[in-house]
Every structure is written in structure tokens, then in C-alpha cells.
Amino acid sequence: MTALNSTGLGDPVSGLGTPDDLPLFPSLESLLRVREENHCTLLAIVPDSFPIDQMAKAVEEVVGRLNSPDTGILFVMPVERTWGLRP
């Protein structure tokens, strides 16, 4: 597993004004002026046989229900190839 410090764009973009005022591509300066909240993005590559539903349940026991605001996002996607991973 890898943990990355991260900042989402959802809150900074929402603080730029009304939907009619939002630029198509907000400037980096306008995004960085907004109060910063620290987040952590966790990345994990697991085998196909890994019990994903059990992992999701364990995550929700720590952060709360994922369908609640400000808890997190969990998603699964296939990894076709990797380099540098050891068995």
C-alpha cells in the first residue's frame, strides 16, 4: 500500500463563486488561495482473489459510511500490467 498526501479540487472549485461565475479551467492561483485541508490517498494493488467487499466494510468501520459526506471514495479498477512489484 502507498499513502500519498493529497488535496482534492472539489472544495476549492466550489468556493470560486456561483456556477455562472466559474471559469472553465480555474487558475492554479485561485485554487491555491483557498484554505487547504490535508487528505490522504491510499493506493493498493491486490490479487484478483482479494476479498474487496470485506476490505470496503473494514474501511467503513474506520472512516464511516462511504456514502456519507467527507468520508472518502473507494473504487476498484483493473491493473493490466505492473513493473517493480515483487511477489
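1. Which backbone oxygen lies 3.5 Å from a polar atom of the side chain of Thr71? In this predicted model, that backbone oxygen belongs to Leu66, and the backbone oxygen of Arg65 likewise lies 3.1 Å from a polar atom of the Thr71 side chain.

2. Thr71 is found in the segment after H3, and, leaving aside its neighbours within four places in sequence, it is in contact with Val63, Gly64, Arg65 and Leu66. With a relative accessibility of 18%, Thr71 counts as buried, because the cut-off for that class is under 20%. For the protein as a whole, 5% of the 87 residues count as buried.

3. Asp70 also lies in the segment after H3, but its relative accessibility is 81%, and it therefore counts as exposed, the cut-off being over 50%. As background, most residues other than glycine have a negative phi.

4. Helix H3 itself covers residues 52-63 and has 12 residues, and the distance from its first C-alpha to its last is 16 Å, close to the 16 Å expected at 1.5 Å a residue. The residue that follows H3 is Gly64, with a positive phi near 100 degrees; Gly64 is also one of the residues in contact with Thr71.

5. On the overall arrangement, the protein has three helices and two strands, and its elements, read from the N terminus on, follow the order β-α-α-β-α. Among contacts between residues at least 6 apart in sequence, 57% join residues at least 24 apart. The protein exposes about 8100 Å², of which carbon and sulfur atoms supply 56%.

6. Confidence should be kept in view when reading these points, as the mean pLDDT of the protein is 79 and 67% of its residues reach 70 or more. Confidence is highest in H3, at a mean of 94, whereas it is lowest in helix H1, residues 10-14, at a mean of 53. Where pLDDT is low, the predicted coordinates should not be read in detail.

Key: Residues are numbered from 1 along each chain as its sequence is written. This is a predicted model: local features need pLDDT of at least 70, side-chain atom pairs count only at pLDDT 80 or more; totals for chains, interfaces and linings use all residues. Side-chain values use heavy atoms; hydrogens and water are left out. Helices (H or I, at least four residues) and strands (E, at least two) are DSSP runs, numbered from the N terminus. The expected span of a helix is 1.5 Å times one less than its number of residues. pLDDT is the predictor's confidence in each residue, from 0 to 100. Buried means under 20% relative accessible area, exposed over 50%, partly exposed in between (1.4 Å probe, protein chains only). Contact means heavy atoms within 4.5 Å. Accessible areas come from the Shrake-Rupley method with a 1.4 Å probe; for residues, only the protein chains shown count as cover. A polar contact is a pair of N or O atoms within 3.5 Å; within protein, one must be able to donate a hydrogen and the other to accept it, and residues adjacent in sequence count only if both atoms are side-chain atoms.
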